Amino acid sequence: MDAPAINELYPEVEPHQQGWLAVDETHRLYWEVSGNPHGLPVVFLHGGPGAGASPAHRRFFDPAAYRIVIFDQRGAGRSQPLGELRDNTTPHLIADMERLRAHLGIRRWLVFGGSWGSTLALAYGEAHPEACLGFVLRGIFLCRGEEIRWFLYGMRQVFPEVWTRFAGHLPESERGDLLAAYRRRLEHPDPAVHLPAARTWSLYEGACSTLLPSEQALEHFGNDTVALGLARIEAHYFAHEIFLPVNSLLARVDRIRHLPCVIVQGRYDMVCPAVSAFDLAAAWPEADLQVVADAGHSAWEPGIRTRLVAATDGFRSLTP
């Protein structure tokens, strides 16, 4: 497909609704709504799992056209308690989205998600296709065993010095199972143990997320709230294969193939390599796969940002 015209992010916009939704006795989810109160509903799904959302994420959507719903998933960002793993599984997150949709009185919404957000978008859509208008997906992650192994060990092939810092946080005797060794530290109750491990994990991901080195990305991934939510919850989900049957996301894609979808994938995405996007597109041939030739993983890469805004602009005419 030819590259769309250059689209910049929309101007900053403030929420006109926000609050916390108690989804059980443990978890309270932060949510907000901005843009046009009567516009086309869109839900933004952040990455990680556990990375949380930010005000900048509102800017992928035309505020005159969209009713923009953003929330922090269990244990992430502004949701409480931060880094909580109890009752934190993909089926819980899917149920949370349905609870939030009902709470806001939304019949159907466009689902927008990148990285882990693409995983959750697919899982949610396959569970509740009747609630979806379509999908904008970026940096596809299907949470298959080979993808998790690539994240833990394979990125060393491209970022050896970054991986050495990541593995070097652990004693050499524990480096044969990085995931188990990190989980022991990330789930330790003492912040003196879990915070350094979380920062090291999060900075590893951040350093591998952009095509060119980015101090801004490292500053974001080094933030304690981002790092703890991301590292602890990510390791938890990796260890449990996202709490879904193996390969279920591809196996059930027929449930949403009738809905429009744009897939934006950086050619040099090292965190979520392009093969997963191609596998998804092969199972979903009706989807519009757009490969950005000069981009890595981050949504803020110029080429990816442009394609994402163009995709949401293209969906403004959907009927809710």
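Is Trp-300 buried, exposed or partly exposed? I looked it up in this model, which is predicted. Trp-300 has a relative accessible area of 35%, so I noted it as partly exposed.

**Entry: the ring pair of Trp-300**

I turned to aromatic pairs next. I found 19 of them in the structure. One of them joins Phe-60 and Trp-300. Their centres are 5.1 Å apart, with 20° between the planes. I wrote this pair down as stacked.

Where do Phe-60 and Trp-300 lie? I placed Phe-60 in the loop between strand S3 (40-45) and strand S4 (66-71). Trp-300 sits in the loop between strand S8 (288-292) and helix H11 (302-314). The pair therefore ties together parts that are 240 residues apart in sequence. I also checked the cover on Phe-60. Its relative accessibility is 1%, so Phe-60 counts as buried.

**Entry: a second stacked pair**

Why is the pair of Phe-166 and Tyr-182 stacked? I read a centre distance of 4.8 Å and an angle of 10° between the planes. I found Phe-166 in helix H4 (residues 160-168) and Tyr-182 in helix H5 (residues 178-186). They are 16 residues apart, and the pair links distant parts of the chain.

I looked up accessibility for both. Phe-166 has a relative accessible area of 0% and is buried. Tyr-182 is also at 0% and counts as buried.

Which cluster do these rings belong to? I traced ring pairs linking Phe-166 and Tyr-182 with Phe-141, Phe-151, Trp-201, Tyr-204 and Phe-238.

**Entry: Arg-185**

I stayed in helix H5 and stopped at Arg-185. Is Arg-185 buried or exposed? Its relative accessible area is 17%. Buried means under 20%, so Arg-185 falls in that class.

What does Arg-185 touch, leaving out residues up to four places away in sequence? I listed His-169, Leu-170, Pro-171 and Glu-174. Val-193, His-194 and Ala-197 complete the list.

**Entry: a surface patch**

Which residues make the nonpolar patch of about 320 Å²? I noted Leu-211, Leu-212 and Tyr-268. I followed up on Leu-211. It lies in the loop between helix H6 (191-207) and helix H7 (215-221). At 38% relative accessibility, Leu-211 counts as partly exposed.

Note on methods
Residues numbered from 1 in each chain as written. Predicted model: local features only at pLDDT ≥ 70, side-chain atom pairs only at ≥ 80, totals over all residues. Heavy atoms only, no water. Phe/Tyr/Trp six-rings, centres within 6.5 Å; stacked < 30°, edge-to-face > 60°. Helix = DSSP H or I, 4+ residues; strand = E, 2+ residues; numbered from the N terminus. Buried < 20%, exposed > 50% of the residue type's maximum accessible area, 1.4 Å probe, protein only. Patch = residues over 30% accessible without salt bridge, like charges linked within 9 Å, V, L, I, M, F, W, Y side chains within 5 Å. Areas by Shrake-Rupley, 256 points an atom, 1.4 Å probe, with all protein chains shown as cover. Salt bridge = Lys/Arg side-chain N within 4 Å of Asp/Glu carboxyl O. Contact = heavy atoms within 4.5 Å.
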